[in-house]
Each structure stands twice: as C-alpha cells, then as structure tokens.
Amino acid sequence: MNGATGASSSKRVQRDPAERAAELDAAPLLDRRRMTAQEMAYEILRQNILRGSLRPGTRLLQAEIAAQLSLSTTPVREALQRLASEGLVRIGAHRGAVVRG
C-alpha cells in the first residue's frame, strides 16, 4: 500500500479515450456456440459497431483489441478484413482500421 494515498502499489495504465477503442463488450456472446477466434473477434467487433459502442471514426488497433479479447493479432486482423468487406470498417495502408460512418 502506498502510505500517502492508501492506493494499491499495482499500477493501472491510463487510456486516452480519444485515441483508444472503447472497451469491447463480449457479454452477448457468452451463450453462443463454440466459435473460432476469428469468429469471436468478428462478432464482438460487429456487435459493438452496430450498437454504437465503437463510433464512426474510432481507430481499431489490432494489438489492443487482441489484448482485450485475449487473442493473437491474426484472428483480429482477419475479423477486421471481414468487417471491411462488409463496409463496416475502412482499412488504410499503414494506418490501420477505422470504423466507418
């Protein structure tokens, strides 16, 4: 414990909401059938985009999403490519993915 503030000594990383994707809500998928990692990433991202949790213009960072979902970046990249083919995200060369408006 930190004597001055009474706070725990474990550090928490502060995230700038303007630069980071919203926390992804995976709760609606808990009752679903077994899915591949790519299917899970796709469904979670798609639902969060359609629900408005991920707003137009939000940058979708593969590494951050992978960490939030406890996945590797490969299924996340595949999910983003699928979302791009459906017109929900735009993938720019060397810029990553962005939610379309």
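The legends below describe close-up views of a predicted model. Local features are given where pLDDT is at least 70 and side-chain atom pairs where pLDDT is 80 or more, whereas totals for chains, interfaces and linings use all residues. Residues are numbered from 1 along each chain as its sequence is written, and side-chain values use heavy atoms, with hydrogens and water left out.

**View A. The crossing of helix 2 and helix 3.** Helix 2 (62-69) and helix 3 (73-85) are DSSP runs, numbered from the N terminus, in which helices are H or I of at least four residues and strands are E of at least two. Their axes come within 9 Å and cross at roughly 115°, where axes are lines fitted to C-alpha atoms, for helices over the stretch in contact, and angles run from 0 to 180 degrees between N-to-C directions. The contact (heavy atoms within 4.5 Å) is made by Gln62, Ala63, Ile65 and Ala66 of helix 2 and by Thr73, Val76, Arg77 and Leu80 of helix 3.

View B. Glu64, Ile65, Ala66 and Leu69 are the buried residues of helix 2, where buried means under 20% relative accessible area, exposed over 50% and partly exposed in between, with a 1.4 Å probe and protein chains only. These buried residues pack against helix 1 (37-51), strand 1 (59-60) and helix 3. Leucine 61, in the loop between strand 1 and helix 2, counts as partly exposed at 22% relative accessibility, and its C-alpha atom is separated by 9.3 Å from that of valine 76, 15 residues apart along the chain.

View C. Most residues other than glycine have a negative phi. Serine 70, which follows helix 2 and lies in the loop between helix 2 and helix 3, has a positive phi near 55° and is exposed, with a relative accessible area of 67%. Histidine 94, in the loop between strand 2 (89-92) and strand 3 (96-99), likewise has a positive phi, near 60°, and is exposed, with a relative accessible area of 88%.

**View D. The largest nonpolar core.** A nonpolar core is a set of buried Ala, Val, Leu, Ile, Met, Phe, Trp, Tyr and Cys residues joined through side-chain atoms within 4.5 Å. The largest has 18 residues, of which Leu45, Ile49, Leu60, Leu80 and Leu83 touch the most other members. Helix 1, helix 2, helix 3 and strand 3 each supply at least two residues of this core, and helix 1 gives the most, with 5 residues. Leaving aside neighbours within four places in sequence, isoleucine 49 is in contact with Leu54, Leu83, Leu88, Val89 and Val99.

View E. Glutamine 38, found in helix 1, is buried, with a relative accessible area of 17%. Apart from its neighbours within four places in sequence, glutamine 38 is in contact with Pro75, Glu78, Ala79 and Arg82. Arginine 82 also forms a salt bridge with glutamate 86, with the closest N and O atoms 3.9 Å apart; the term requires a side-chain nitrogen of Lys or Arg within 4 Å of a carboxyl oxygen of Asp or Glu. The structure holds 1 salt bridge. Both partners are partly exposed, glutamate 86 at 39% relative accessibility and arginine 82 with a relative accessible area of 35%.
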